[in-house]
Amino acid sequence: MDFFKFKNHNNNNNNNNDDSITLESFCGECLIDIPIRAKHCKYCKKCIATYDHHCDWVGNCIGEKNKRLFIIFILNHNLELILSIILVNKNLN
Ligand SMILES: [Zn+2]
Ligand SMILES: [Zn+2]
């Protein structure tokens, strides 16, 4: 959101009215102006701020509010993978 305001402020100072650079776009389904880096998810049927991707494993979108939890989730899975490899190797030998 801060980045969006910064870019908009710069454009106003330069009197740059170039329509080819759109800083925000309109979502036809939610009927709102969505800020930069936000995107409408066709599975969740709503706009997500700082959209990363729709995760089928989590069953939800990964965006501004849950990206830290998602990183912790991924790190836990990596840890679990490493531990399981160690345990399998111990039991095989
Ligand atoms: Zn939308
Ligand atoms: Zn989604």
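Before I start, a word on conventions: residues are numbered from 1 along each chain as its sequence is written, and chains are lettered from A, with ligands numbered from 1, in the order in which they are written. Since this is a predicted model, local features need pLDDT of at least 70 and side-chain atom pairs count only at pLDDT 80 or more, while totals for chains, interfaces and linings use all residues.

Let me begin with confidence, where pLDDT is the predictor's confidence in each residue, from 0 to 100. The mean over the protein chain is 82, and 75% of its residues reach 70 or more. Over residues 1–15, however, the pLDDT is below 50, and this stretch has 8 contacts in the model beyond near neighbours in sequence; by contact I mean that the C-beta atoms of two residues, placed from the backbone, lie within 7 Å. Where pLDDT is low, the predicted coordinates should not be read in detail.

Turning to the secondary structure, the chain has 2 helices and 6 strands, taken as DSSP runs numbered from the N terminus, with helices being H or I of at least four residues and strands E of at least two. Along the sequence the pattern reads α-β-β-β-β-β-β-α. Of the contacts with a separation of 6 or more, 7% are between residues 24 or more positions apart.

As for burial, a residue is buried if 20 or more other C-beta atoms, placed from the backbone, lie within 10 Å of its own, exposed if 12 or fewer, and partly exposed in between. By that count, buried residues make up 5% of the 93 residues in the chain.

Lys 45, with phi near 60°, sits in the loop between β3 (39–41) and β4 (46–48), and it is exposed, because 9 other C-beta atoms lie within 10 Å. Thr 50, with phi near 50°, belongs to the loop between β4 and β5 (53–55), and its 15 other C-beta atoms within 10 Å make it partly exposed.

Thr 50 also brings us to Glu 64, which touches Ala 49 and Thr 50 when residues up to four places away in sequence are not counted. Glu 64 is found in the loop between β6 and α2, and is partly exposed, with 15 C-beta neighbours inside 10 Å. Its C-alpha atom is 9.2 Å from that of Ala 38, 26 residues apart along the chain.

Ala 38 comes up again with Glu 24: these two are 14 residues apart along the chain, and their C-alpha atoms are separated by 8.9 Å. Glu 24 lies in the loop between α1 (2–14) and β1 (25–27), is partly exposed with 14 other C-beta atoms within 10 Å, and, leaving aside neighbours within four places, is in contact with Asp 33, Ile 34, Pro 35 and Ile 36.

One further loop residue is Asp 56, between β5 and β6 (60–62), which counts as exposed because it has 8 C-beta neighbours inside 10 Å.

Finally, how far does helix α2 reach from its first C-alpha to its last? The helix, residues 67–92, spans 37 Å over 26 residues, close to the 38 Å expected at 1.5 Å a residue, where the expected span is 1.5 Å times one less than the number of residues. Of these 26 residues the number buried is 0, so α2 lies largely in the open.
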